[in-house]
Amino acid sequence: MKALGLLFAISVGVGAEPPTLAQATLSLSSATAPPGETVELVLAHAGDGSAVAAQVEVVFDGERLAATVLPGGGLGSHVLRTAEVAPGHWRLVVYLPTVGPLGSELARLRLVIPADAPPGAVPVELAAAVVSSGAALGLPVTLEPGSVEVVSAAAPVVSRVGSVPDTGDGALVPGEGIGVTVTQLVVEFSAPMRDPAGDTAGDDVTNPANYRLVRDAAGDGLATPSCGAPVATGDALVALASVHFDASARRATLQVPGRALPAGRYRLFACGTLASTLGTPLDGNGNGNGGDDFAREFSVGLTNRLVNPNFDHDLAGWTVEPPTAPFAWSPEDVEAAPSSGSAELPAFAASGQSLALAQCVAVSESSSYRLDGRLRIASGIPALPQGVGLVRFFASADCSGPTLSTVMSPTVPGDTADAWVLAFSRAVTSPAAARSAQVSFVLEAGAAPAFTAELDHLRFFESGIFSDGFETGSLARWTAHVP
């Protein structure tokens with residue numbers, strides 16, 4: 001009780017207006033371990049050197065962890081006093097009999113994970129903190145809690161495969177045929193995965209070399225059997241631009257470079273070289289033994305001619321018209337995908353202007369195409385602005401010279417009530433001699449007041465009956481037949 005009394009005594013300020021003080025921080029580290037193991041979390045202090053004493057409550061699930069509190073390596077001449085208020089609730093007090101600056105590492109929490117602990121994160125919270133300065137003033141305190149991630153010692157497995165855009169059912173199941181234009185593949189794991197600094201380690205979840213994507217280029221079936229085998233004749237290796245890992249979701253997002261995956265059959269491998277944070281290699285075939293590849297086959301039903309159609313990271317590949325139009329990349333995605341975004345025209349007000357995102361794409365003459373995309377407009381009025389798709393065909397390969405023909409989609413007028421709507425939808429036939437097309441997604445401002453517009457999932461693809469993989473839930477392009 002003498003220590004507590006000292007702490008509260010020096011935390012009471014006297015006199016007039018107190019000086020401005022730098023904020024102190026008390027933080028806990030985190031750890032990952034399987035059941036039956038012991039881990040240590042460090043309670044650390046950071047500040048400007050004015051702090052001399054601290055008190056804090058450490059709270060966690062006492063049924064999932066058992067604690068012992070030890071002095072920290074930076075305690076110095078300070079004294080650490082502890083009290084277990086209840087299972088999973090400790091009070092820590094750090095003080096000096098005579099005033100002196102508080103060190104950095106104040107205490108170590110030695111936590112035992114029971115042998116029967118279920119997998120998952122156990123938060124270790126900080127609460128009711130008081131940090132006092134040598135001027136007998138209480139400092140503002142920032143608290144940064146820690147956690148213990150309890151993981152299975154078993155080999156990790158792939159728990160889900162998905163895509164951006166989503167295929168319509170939340171997962172890319174074995175043999176699935178999809179009708180969306182995929183720019184990202186998603187691989188989720190059953191356990192925390194190794195993610196050291198950089199992207200080159202042999203077991204790193206963000207190393208593109210630990211994945212493999214092959215395409216049936218010859219149309220005679222996929223034959224590449226594994227990550228380590230040579231790419232089979234007739235298969236083509238699809239390079240992956242990058243891999244991003246969300247540790248909290250155990251989700252690796254594989255970025256396809258440039259255009260979306262073209263129509264065809266694919267086999268995706270997550271290689272057996274991947275490992276959990278415990279160093280256990282991936283169990284790709286789910287037989288309980290690690291070190292083998294995971295494989296998932298699927299097919300894509302259409303080829304989007306547009307580059308960067310889903311705006312995953314930026315507006316690369318798109319031309320802004322006019323060049324002064326304030327289009328910008330936004331993290332707002334039509335499916336709320338955390339790894340993708342959209343093209344945004346924020347708070348724009350310019351009566352009578354037309355603003356567009358455009359691309360020049362290669363086409364074949366006398367061929368059928370389809371144009372569409374997703375659009376969200378916030379204008380507050382029902383009629384303006386208007387969204388319209390525009391396709392202009394050229395005999396040149398670079399959209400130069402005389403226009404052979406122009407096709408315009410129906411307009412989408414006005415505010416969309418915070419909903420993403422299907423827009424720019426139009427079937428298009430290229431004229432004879434056409435070699436390129438300027439594809440534009442246009443916003444006609446008219447007399448609209450300031451408005452915000454967002455575009456996403458823009459498509460211009462060669463249409464065909466088998467480009468619909470039933471992902472929309474619609475049978476509109478199919479005809480029932482009873483023999």
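**Aromatic pairs and a sheet**

Guide: Trp318 and Phe441 are both buried, buried meaning under 20% relative accessible area with a 1.4 Å probe, protein chains only.
Visitor: What kind of model is it, and how are residues numbered?
Guide: It's a predicted model: local features need pLDDT of at least 70, side-chain atom pairs count only at pLDDT 80 or more, and totals for chains, interfaces and linings use all residues. Residues are numbered from 1 along each chain as its sequence is written, and side-chain values use heavy atoms, with hydrogens and water left out.
Visitor: OK, how many aromatic pairs are there?
Guide: Five; rings of Phe, Tyr and Trp (its six-membered ring) pair if their centres lie within 6.5 Å, with planes under 30 degrees apart counting as stacked, over 60 as edge-to-face and the rest as tilted. One of them is Tyr266 with Phe298, stacked at 5.4 Å centre to centre and 15° between the planes.
Visitor: Where do those two sit?
Guide: Tyr266 is in strand E20 and Phe298 in strand E21, so the pair ties together parts 32 residues apart in sequence. Strands here are DSSP runs of E, at least two residues, numbered from the N terminus.
Visitor: Buried or exposed?
Guide: Tyr266 and Phe298 are both buried.
Visitor: Switching topic, what's the strand order in the open sheet?
Guide: E14-E21-E20-E16-E17, with mixed pairing; two strands pair if DSSP finds at least two bridges between them.
Visitor: Which strands are at the edges?
Guide: E14 (176–178) and E17 (235–237), each pairing on one side only.
Visitor: And how do E14 and E21 run?
Guide: Parallel, joined by three bridges; Ile178 stands opposite Val300 in E21.

Note on methods. Helices (H or I, at least four residues) and strands (E, at least two) are DSSP runs, numbered from the N terminus. Buried means under 20% relative accessible area, exposed over 50%, partly exposed in between (1.4 Å probe, protein chains only).
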